[in-house]
Amino acid sequence: MVMKIGVVGVNEGNGHPFSFSSIINGYESRYLLQAGWDLIEDYLRIRDPSEFGFENIKVTHAWSQDFRFTKLLCQACKIPHPVQHLNEMSKAVDAVIIARMIINIIWS
C-alpha cells in the first residue's frame, strides 16, 4: 500500500514545498524554473536519479494559500491533486508535510 502524503503551506523565499516534494516524487524541470526555483533545480539536476523517490510513499495532494502557486507546485513535483481547501485532503492522505518556514520564533 502506498502512503499518501499531503504538502501544505508556502511563504516568500521558502522552496521547501518544491524540494521535499521533488525528492519524494521526482520533478519537472521546466515548472521548477517557471516557479523561480532555479537554485533547487540546479541542486536536483546534479543528483543521481536513484536518489529520488521512496518505496510506497508519494506526495499526492498539495495546498497553499494561493491556488495558482499550488497548481504550479503540483506540475513541478508530479503531485496529482492540487486542492483549493485544506479540508479536501483531510481524509485523502496518511500524513502531511507542513513546509512553511517560520522566520520569527519567540521563545518564552
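Okay, quick ground rules. Since it's a prediction, local features need pLDDT of at least 70 and side-chain atom pairs count only at pLDDT 80 or more, while totals for chains, interfaces and linings use all residues. Residues are numbered from 1 along each chain as its sequence is written, and side-chain values use heavy atoms, with hydrogens and water left out.

Let's start with the rings. How many aromatic pairs does the structure hold? There are 3. The rule here is that rings of Phe, Tyr and Trp (for Trp, its six-membered ring) pair if their centres lie within 6.5 Å; planes under 30 degrees apart are stacked, over 60 edge-to-face, and the rest tilted.

Take F18 and W37: the centres are 6.4 Å apart and the planes sit at 40°, so that pair is tilted. It also links distant parts of the chain, 19 residues apart, with F18 in helix α1 (residues 16-25) and W37 in the loop between α2 (29-34) and α3 (38-45). By the way, helices (H or I, at least four residues) and strands (E, at least two) are DSSP runs, numbered from the N terminus.

Are those two residues buried or exposed? F18 is buried, at a relative accessible area of 0%, and W37 is buried too, at 19%. Buried here means under 20% relative accessible area, exposed means over 50%, and partly exposed is in between, using a 1.4 Å probe and protein chains only.

Next, Y27 and F52, another tilted pair: 5.7 Å centre to centre, with 50° between the planes. Y27 is in the loop between α1 and α2, F52 is in the loop between α3 and β2 (57-63), and they're 25 residues apart. F52 counts as buried at 18% relative accessibility. And going back to F18 and W37, they form one aromatic cluster with F69.

F69 brings us to α4 (67-77). The buried residues in this helix are F69, T70, L72, L73, C74, A76 and C77. What do they pack against? The answer is β1 (3-8), α1, α2, β2 and β3.

Zoom in on T70, which is at 0% relative accessibility and counts as buried. Leaving out residues up to four places away in sequence, T70 touches A62, W63, S64, P82 and V83, where contact means heavy atoms within 4.5 Å.

At the N-terminal end, α4 is capped by D66, with a side-chain oxygen 2.9 Å from the backbone nitrogen of R68.

Now the cysteines. Searching the whole structure turns up 0 disulfides, a disulfide being a pair of cysteine sulfur atoms within 2.5 Å. C74 is buried with a relative accessible area of 6%, and C77 counts as buried at 0%.

Last stop, the backbone. Just after α4, K78 takes a positive phi of about 55°, although it is not a glycine. K78 lies in the loop between α4 and β3 (81-82) and counts as partly exposed at 43% relative accessibility.

N56 is another non-glycine with a positive phi, near 65°. That residue is in the loop between α3 and β2, and at 40% relative accessibility it counts as partly exposed.

That's my tour, thanks.

Terms used. Polar contact = N/O pair within 3.5 Å; in protein donor to acceptor, adjacent residues only side chain to side chain.
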